[in-house]
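Me: Could you take a close look at a single part of this model and describe how its side chains are arranged? Please then connect that part to its surroundings.

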Amino acid sequence: MAAHRAATLSNVSYDVRLDIPAARDSAVFGVIDVRFAVREDDDQLVLDFRAPFGHVLGVLLDGDSVSFSVSQDHIVIPTNTLTAGEHTVTVRFRSTDAALNRQDDLLYALFVPDRASTAMPVFEQPDLKARFTLTLIIPSAWKALSNGAQISRASAGMGRDSVRFAKTKPLSTYLFTFAAGALEVESAVRNGRTFTMYHRETDPQKLQRNREAIFDLHATALEWLEAYTEIEYPFDEFAFLAVPAFQFGGMEHPGAIWYRAESLFLDPTASRTQELGRASLIAHETAHMWFGDLVTMRWFNDVWMKEVFANFMAAKIAGPSFPDLNLNLRFFQAHHPTAYSVDRTAGTNPIRQPLENLRDAGSLYGAIIYQKAPVVMQQLEALIGETVLRDGLRVYLDRFRYANATWPDLIGILDSLTTEDLSTWSDVWVNQTGRPRVAAAWTDSGLVVTQRDDVANRGLLWNQPVVVAIGVGDSVIEQRVLLRDAQAFVPMTLPSTPAFLLAGADGVGYGRFLLDAASRDRLLARVHTLENPLHRAVAWQTLWEDVLEDSLDANTFVNATVVALDRERDELVAQQVLGLLRGAYWRFLPDSSRTAVAPAVEAALWRALDAAPTPGRKGAYFSAIVGVTLSLDGVARLERIWRQQETPRGLPLVEQQYIGLAEALALRGVPNAEAILTEQESRITNPDRLARFRFVRPAFSADLGVRDSVFRAFANVENRRRESWVLDAMSAMHHPLRAEYSLPTVRASLELVEEIQRTGDIFFPLRWLNATLDGHRSVDAAQIVREFLAERPDLPPRLRGKVLQAADDLFRITGK
Ligand SMILES: [Zn+2]
């Protein structure tokens, strides 16, 4: 249907009028004029409107009433008389609240990826771009914004105002938006352009402290993008809204970006990393104005393109302002481990995935789009060069402006600018799953690097430069090898046989980098002595992959992390080691080994906490201590700290940490757990944290019946609305110390995932599955997952993939 409409309709525009009452539970009513041209006579017209039958109040075709039917989320106008030419369909309707995010004194639309049709009848597909003209009737005390500039505001009587916005540039429906509510406005002029910020921040100091930086970052990003693309800012307005607890980091509606307020308004104690995070977020959303908004994917199978370019540009824009941060190390840590965690599993997907129905667009999102695709874009730039990529992107943006394009459209342009064979490159990296197994070996005359395909009977070859770190005596040299075929050789001579070879050492190379036995032993013993933090980070990830493939014993790995804890001084690498330690400790050590090693792990973490230079870094060790402590002495010490009889040296604890301690003590089954939880509840002063604690508390109960009732309640969608709380509760119930007892609910939890996919946010299904399975390491649990997959051949393939992703460690631990 989408293809038919794209082929037959053109010149679409919408004139929308919405009546928004103050009370969040009073219905929004509207009327829309849908104007379009039909290329040739057609026998029916289908509008998307995902609302109950009674929400369609009247339909006119070219001003005359017309028969229509409402079925399966569509309004169908059967018309033998829809002649070629211009027409207008007028629909009076009642909106659903599904995508309107209604709160007291605030409403904001969020239509990505396919939810505009829950609020109004439209042609919901990204390649039918339309101009929107919006009128909102709102309470007189409210302000409003939308993609277009506000052009008039007048009283509509009864304490209400009519606010009209200018006609927009052509937009895909998922980029149309509006918000209305009790909002404050700030604006600033930079380089002759006005930037407007709407917000609800009540702390004037917080606002003042961040105001200039927020405007400056937008102006810098916009100027940079105009220069890079050679296309002026392609929309009229530049406004944005800071929404408290917004569900994403940001959403790139042209002229009306939505941000999570907490990501813009930083605390005075914010770290450089948080500052970089804010600069990157602003650059990301601003880059979308060109990549995604001006040129939009034809269909959601290419949704990854807009994200990868936004990230790629954001790194170029924000990075240079942070020369004090190790950006290569951050890039590696932010992308490779997460991409690998999906790409090594049987449930992985290619970057470019087929999408039959727009309704399933939400299921495309995940680590392959957000983490692997940016790595692949780095590879592409390395392959063809910065200038060729930039010039190709300029052609692409110019050729498809205010229209739609596909990945093959871009590859076609780039292919014409380079001698590289980009269609083969693209097929392997973008259309296929997985990663190469890459091995480096030393011969008398030089370095040999080989690759082979992880997947049987496929035989792919990945084209990428591979950097090998070579241990020579006490120093390390890097050698770059262009790997295009199954094998590459670089002649080299060294004074002695290398102590180790570590491939992928630049943190850009993507693959399962194999260690020979001597290199593995050497790195296990001295990874912490490598001078370059990026080498240490890559080495830890490579050793971890060895644990996952059972070529390295988990106990040996945990012992190596314990040694490293005493020596690692780089904050980012220390964080990585802590994460790997916790993963190996809970998931890969048998219970008896874990209990045996716990005192040594706890002692090493306390030593590292004492030695850490700042409260922030001490906090990271403290949270690991709370996460792993099992020894009787250790648990007793945690309880003394919770009772405020003892304080970790140099680390004043905050409410959040006491809550974590109380929950950890309950999970460890201390005798007075209920009393501790009760007292903790009475200590909480922050209302949001109190509400969360009351929600999750029953999941920490020692009473199995209470925990079961928590799980049973999650069968009702109304009890799953606060997704992060639900995940906290699920993780508690399936904690390794309680996995034995929650085992009987695993199957029911898997059965729920299909409904969760329909009712929840895009990341919720995989997170739900992870919260269910992460704590389990029993053969029985693995069997339950296998039976579920075997008995549910009807499970949608992408959802099946998510189950396989979540179960991957469990399958590895229990032997496939
Ligand atoms: Zn984005």
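Reply: Buried means under 20% relative accessible area, exposed over 50% and partly exposed in between, with a 1.4 Å probe and protein chains only. The model is predicted, so local features need pLDDT of at least 70 and side-chain atom pairs pLDDT 80 or more, whereas totals for chains, interfaces and linings use all residues. Numbering starts from 1 along each chain as its sequence is written, and side-chain values use heavy atoms, without hydrogens and water.

Strand β27 runs antiparallel to β24 (residues 446-453), to which 5 bridges join it; strands pair if DSSP finds at least two bridges. Glutamine 487 of β27 is the bridge partner of threonine 450.

Tyrosine 365 and tyrosine 370 are stacked because their centres are 6.1 Å apart with planes at 25°. Tyrosine 365 is buried at 7% relative accessible area, whereas tyrosine 370, at 23%, is partly exposed. Tryptophan 544 and phenylalanine 588 form an edge-to-face pair, with centres 5.5 Å apart and planes at 80°. Tryptophan 544 lies in helix α12 (residues 533-548) and phenylalanine 588 in helix α14 (residues 571-588), so this pair ties together parts 44 residues apart in sequence. Tryptophan 544 is buried at 10% relative accessibility, and phenylalanine 588 is buried at 12%. Helices (H or I, at least four residues) and strands (E, at least two) are DSSP runs, numbered from the N terminus.

Note on methods: Phe/Tyr/Trp six-rings, centres within 6.5 Å; stacked < 30°, edge-to-face > 60°.
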